[in-house]
Amino acid sequence: MFRTRRSPAVPRSTRSGRRPGALRRLARLTTPLALAALGTSLVSAPAAADEAQAAAFGHYVAIGDSFVAGPMVASARMPLLGCMQSSVNYPKLLAEELGIIEITDVSCSGARMEHLYEAQFDDTPPQLDALRPDTDLVTVGIAGNDFGFSDVLVECAKQSLRNPWGSPCANHYGDELDQRIEGLRSEVSGVYADIAERSPNATVLSVGYLQILPESGGCWPSTPIARGDVPFLDEVQTALNEMLREEAQSQGAVFVDTFERGHDVCQGSDTRWVEGLIPEDGAPIHPNNLGMAATTDFVHSSLGVPVP
């Protein structure tokens, strides 16, 4: 198995409880008033505003599955039914931070790669149809459902009842899960090639999956994965992210590594980025508000674009 590694981490807004975007927005509101009160000239402000606007993206398309859509993540607004798309998922938070006015978020819970090319529901067009020649930013989070991670976790939970201290799930699957990952390579590569063809001038980001389980130990029975299967599944997820990195980069996309340890389902509600089987903020085994905020930070940092 390959393990993904993050470059030296930048300070995370989620650790302090205050988001940088919120502080910047407050500064943008208060600074002009202070300058006006002091009688300071604002002649240069239009030029600065134009420069900031020029740094922003014009048309942003968010593609992906439920780790992008954010089903059941708590927010003030109701989710988009059908796809269960949250109003506080990371594409919307990112667009707000970067001042992107035109965002097309087609992420959908349950989406597989086939739904990038064909309708998932009667009223849900193929996700790649959202791409245009003038699209200049694309984020993609896909392949988890094609791999079948939800079904694997359910099977491993059932297996854990037989032997909670052993590795019954690893014994059950053997090398099958490695083979599944390898079998997805050409399809994943094709997705990024097709995105590049439809939106040739876009910056394309492949966003990896947040850590679900810890490296070892686990938290059975609240998350019923046998102790010996916790490292097995952690390695499987690491290998899936590594495959996504390799295939996205082979087509010129940038991989966003969100796999920062210490925020798995076994952590407390003020620390975890992914909910457990009994969720408090989000769907089971899916990102919560903290996870969406952290992913926004990872993606924003990868872009290297200042807030306008």
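User: What is the mean pLDDT of the protein?
Analyst: The mean pLDDT (the predictor's confidence in each residue, from 0 to 100) is 85, and 81% of the residues reach 70 or more. This is a predicted model, so to speak of local features pLDDT of at least 70 is needed, side-chain atom pairs count only at pLDDT 80 or more, and totals for chains, interfaces and linings use all residues. Residues are numbered from 1 along each chain as its sequence is written, and side-chain values use heavy atoms, with hydrogens and water left out.

User: Where does pLDDT stay under 50?
Analyst: It does so over residues 1-53, for which the model has 57 contacts (heavy atoms within 4.5 Å) beyond four places in sequence. Where pLDDT is low, the predicted coordinates should not be read in detail.

User: How many helices and strands does the protein have?
Analyst: There are 12 helices and 5 strands. These are DSSP runs numbered from the N terminus, helices being H or I of at least four residues and strands E of at least two.

User: What is the strand order in the sheet?
Analyst: The sheet is open, has 5 strands in the order E2-E1-E3-E4-E5, and its pairing is parallel. Two strands pair if DSSP finds at least two bridges between them. E2 and E5 (254-256) stand at the edges with a single partner strand each, so one side of each has no neighbour in the sheet. On average, neighbouring strands are turned by 20° against each other, direction ignored.

User: Which strands are joined to E1 by bridges?
Analyst: E2 (residues 102-105) is joined to E1 by 4 parallel bridges, and His59 has Glu102 as its bridge partner there. Strand E3 (residues 137-141) is joined to E1 by 5 bridges, also running parallel; in that pair Ala62 stands opposite Thr139.

User: Is E1 buried or exposed?
Analyst: E1 (residues 59-64) is mostly covered, with 6 of its 6 residues buried. Buried means under 20% relative accessible area, exposed over 50%, and partly exposed in between, with a 1.4 Å probe and protein chains only. His59, Val61 and Ile63 point one way from E1, while Tyr60, Ala62 and Gly64 point the other way.

User: And at the other end, what joins E4 to E5?
Analyst: E4 (residues 203-207) and E5 run parallel and are joined by 3 bridges, with Val207 opposite Val256. Helix H11 (residues 229-250) packs on the sheet, touching E4 and E5, and its direction makes about 160° with that of E5. Axes are lines fitted to C-alpha atoms, for helices over the stretch in contact, and angles run from 0 to 180 degrees between N-to-C directions.

User: How do H10 and H11 cross?
Analyst: The axes of H10 (residues 185-198) and H11 come within 8 Å and cross at roughly 40°. The two helices are therefore oblique to each other; angles under 35 degrees count as roughly parallel, over 145 as roughly antiparallel, 65 to 115 as roughly perpendicular and the rest as oblique. Residues making the contact include Val188 and Tyr192 of H10 and Met243 and Leu244 of H11.

User: Changing topic, where is Leu213?
Analyst: Leu213 lies in the loop between E4 and H11. Leu213 and Pro231 are 18 residues apart in sequence and 8.1 Å apart in space, C-alpha to C-alpha.

User: Which residues does Leu213 touch?
Analyst: Not counting residues up to four places away in sequence, Leu213 touches several residues, among them Ile225, Val230, Leu233, Arg261 and Val265.
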